[in-house]
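Here's a quick look at how some pieces of this fold sit against each other. Have the viewer open as you read.

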Amino acid sequence: MVGVSEGQSSAQAPAAARRPVGRPALSLALAAMMDDVHAHSGAVYLRAPDQPVLEMAVMAGLPRAFAAPWERVGLNAPIPVAEAVRERRLIWVGGEEDMARRYPRIAVVLPYPFALAAVPVATRTTTYGAVFVTWPGSHPPELSDRERDHLTAACDRLAVRLERAAEHSVAPHPEPDLVGGPLVGGLAGTLGTVEAARMVGRLPYGLCSLDLHGRVGFANAAAAELLGVPVSRLLGTQLWTSVPWLNDPVYEDRYRAALFSQHTASFVALRPPGEWLSFRLYPSTTGLSVRISRARAVSEMNRAAPVPGSAPSRLVSITQVLNLAGALTEAVGVDDVVQLVADEVAPAVGSQGLVVLGSRTGRLRVLGHRGYPDPRVVERFDGLPLNEQTPGTQVLRTGVPAFFESREQLDHLYPARQAARDGFAAWAYLPLIASGRPVGTCVFAYAEPHPFPTEERAVLTSLAGLVAQALERAVLYDTKHRLAHGLQEALLPHSLPSLPGIEAAARYLPATQGMDIGGDFYDLVPTQGLAAAVIGDVQGHNVTAAGLMGQLRTAVRAYTAVGQAPAEVMRSTNRLLLDLGSDLFASCLYLRLDPARGRAVMARAGHPPPLLRKPDGRVRVLDLAGGPLLGIDASATYPTTEVDLGPGCLLALYTDGLVEVPGVDFEEALAALSRRLAGAGDLPLDELADHIIHHSRPDTDGEERIDDIALLLLRARPPGP
């Protein structure tokens, strides 16, 4: 089956659309689509059976090598065809700038002016794949209604045919790509008449005709003379293959640019030892016409000659590496690296299973895995000493890759592993080497025996180098992340004390930008017959802010313990912050609670106002008198305010991260928080704290949290019996 069923069969369709898929069905459907909307290239993708992967079934208009990085793509990949399948809608990319902004990985590999539409191939209940088509850069920035309707209708018809084929257990047959016509080897056949061939032969500049693959179908005598290669050796070959000094990815890129954009392209190249030639490429949908002449004023162009004897990377290698490098730069933590390798690298190399291994304290660590039905098969290796004889430890120790084309090869070298059957039949164990040292092992597993020719081994090893750099960065990030969270947890209360007459609950959420550590703090301090509560915010989201926060929290506890009044606690803390010589400021709200009298005395230093909920559900913003932020003025005073805190009253103390949302007025956010507190204030206090945190930022769901959040809830309980 090609599609994955999501329900019942679709509604009745015309009989012509419901015939089983024949041999050229995909090619014909794609060709008709491109013809209807005047597109110059396109491809059909089908969902792989039992895998979250799209596979290119047929391509038209351009060589498949142009799309090599995306022949197999994960459904979660950030590219238009995958997005069209995920969202079941047409995706339009209006040009080069739009592509760079929304799909930078594609723009890095194909930095040319062209427009693209991706359309899902889906019935009402089942998604079978997707189609993309492209236009030259001259296409208007918006897709016309006619083009949209034609593409959508054509993909719907193709989906119905695939559905009928699936019902009859008929899988689509492999189909050849539709790329141009056959090469023509004679002058008269190429140009139409013998006289036309004679005319071209008399021209003083060179002319070549290339097909879409870059192969020479015609060359005149002047071209052969300028290139220094006989016409007989040029015909049927790619120009950059038969002319060694043109074997440079820069020149090949100009050929790709001309075909993609359908705009004239040009370049100059040095024919050894010192003659510069000018090449001008005139594209069409069937190939390229190339005009070759001696370059003028080439001294103004500071292009260095290619190094003789160099062996530049080929087209597919360049695009693969650029695409995967772009993907891996987005990885932050180790889990991100594992997921990106699973989504981007594994489909590209045809692997069905993945394991990423690392080491710590002389033992093997399983950092992540995908594609294994039984996770225990992989996780049993976690903690294995590195001196054990397994392929994973061997590759990690030596830095030498290992390839096993069949289970017999693996069992022969590692007989002890025969007991660890994982359901796969071939493996590539690749060392992950960064900064000159091994940081892990990447294991690609294959469901069937798999040969690893020399070229494929070289590509896999190169890809492992990219993965290694991303993994090294990710391990460092995770280490810093754990240290930051450990510091934050050490500086905040592990639990709140149980106080007579007061029920308390607190929550803290770090910012998701920077180091996930911040300067927000809270505390609840028991004193003789009373209690003190404090909440504050030191500016910044780094270790300095967190360290200063810890000093302030300790100082507040000390000043409270010696019996200072609220106003004096604030003045003392302010002077301490100035004495520390820090450039950071802090806001603070300090409360002295008297549950027996049902009163609370508060002092405020530039902190957001607390909310007071009465037992009847009414909520009031306490507009307290206060002083400036701590750390600004050594002579500042902090007046106090006394409020009623009778049984059933609830105080909500918070930091600005709870109510300051980009694009939302502070007063509106505060009013929304008051409404939530009024509506849910009777919940148990821990549930109420979770409710407030969860619903505090609905308009930015999925975005990064730019500030940390602290919340302290205090509810006055009735006196005990």
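What follows covers a sheet with its helices, then a helix pair.

Keep in mind that this is a predicted model. Start with the sheet: it's open, has five strands in the order β13-β12-β16-β15-β14, and pairs in the antiparallel sense. The edge spots go to β13 (363–370) and β14 (402–404); each has a single partner strand, so one side of each is left without a neighbour in the sheet. On average, neighbouring strands here are turned by 20 degrees against each other, direction ignored.

Zooming in on one pairing, β12 (residues 353–360) and β16 (residues 437–446) run antiparallel and share five bridges. One handle to look for is glycine 353, whose bridge partner in β16 is alanine 445.

Helix α13 (residues 334–349) lies across β12, β13 and β16, while helix α15 (residues 391–398) touches β12, β13, β14, β15 (426–434) and β16.

Elsewhere in the chain, α18 (residues 543–561) packs with α19 (residues 566–579), their axes 10 Å apart. The crossing of α18 past α19 is right-handed. On the α18 side, the contact involves Leu548, Gln551, Leu552, Ala555, Val556, Tyr559 and Thr560; on the α19 side, Val569, Ser572, Thr573, Leu576 and Leu577. By class, that contact has eight nonpolar and four polar residues, with no charged ones.

Here are the angles for the helices mentioned:

| Helix | Relative to | Angle |
|---|---|---|
| α13 | β13 | about 60 degrees |
| α15 | β16 | about 145 degrees |
| α18 | α19 | about 145 degrees |

Definitions and conventions: Residues numbered from 1 in each chain as written. Predicted model: local features only at pLDDT ≥ 70, side-chain atom pairs only at ≥ 80, totals over all residues. Heavy atoms only, no water. Axes fitted to C-alpha atoms, helices over the stretch in contact; angles between N-to-C directions. Helix = DSSP H or I, 4+ residues; strand = E, 2+ residues; numbered from the N terminus. Left-handed = near helix turned anticlockwise from the far one by under 90°. Contact = heavy atoms within 4.5 Å. Nonpolar A, V, L, I, M, F, W, Y, C, P; charged D, E, K, R; others polar. Pairing = 2+ DSSP bridges.
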